[in-house]
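Work through the exercises below with the sequence and the model at hand. Each task is followed by a worked solution.

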Amino acid sequence: MQALREIQGYGFFFFTVFLVIVLYSYCYHLYKSERTGRRNYEKYSNLVLKDDLSDEILESVSTSKNVKKES
């Protein structure tokens with residue numbers, strides 16, 4: 001029973017470390033995307049405030065996939 005508790009403790013520790021690494025990686029991804037200009041996450045924060053049908057679209061969808069399907 002004691003060995004099972006130790007394995008459970010080690011599992012919890014390593015899983016917590018893994019989740020922290022994933023969280024920091026995701027934060028770095030968001031930071032890098034915003035810094036390089038690939039995506040502006042600031043405008044997504046206004047999505048809740050500007051959700052009316054008459055509001056402008058945040059991002060246009062690329063039509064290259066639609067063109068490939070039609071060809």
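This is a predicted model: local features need pLDDT of at least 70, side-chain atom pairs count only at pLDDT 80 or more; totals for chains, interfaces and linings use all residues.

Residues are numbered from 1 along each chain as its sequence is written, and side-chain values use heavy atoms, with hydrogens and water left out.

**Exercise 1.** State how many helices and strands the chain has.

Solution. Take helices as DSSP runs of H or I of at least four residues and strands as runs of E of at least two, numbered from the N terminus. The chain then has three helices and zero strands. Read from the N terminus, the order is α-α-α.

**Exercise 2.** Find what percentage of the residues count as buried.

Solution. Buried means under 20% relative accessible area, exposed over 50%, and partly exposed in between (1.4 Å probe, protein chains only). Of the 71 residues of the chain, 1% are buried. The accessible surface of the chain is about 7,200 Å², and carbon and sulfur atoms hold 62% of that area.

**Exercise 3.** Locate Y10 and say which nonpolar patch includes this residue.

Solution. Y10 lies in helix α1 (residues 2–36). Its relative accessible area is 53%, so Y10 is exposed. Y10, F13, F14, V17 and I21 make a nonpolar surface patch of about 550 Å².

**Exercise 4.** Decide whether D52 is buried, partly exposed or exposed.

Solution. D52 sits in the loop between α2 (42–45) and α3 (64–70). Its relative accessibility is 49%, so D52 is partly exposed.

Terms used:
Patches are made of residues with over 30% relative accessible area and no salt bridge: like charges are joined within 9 Å, nonpolar side chains (Val, Leu, Ile, Met, Phe, Trp, Tyr) within 5 Å. Accessible areas come from the Shrake-Rupley method with a 1.4 Å probe; for residues, only the protein chains shown count as cover. A salt bridge is a side-chain nitrogen of Lys or Arg within 4 Å of a carboxyl oxygen of Asp or Glu.
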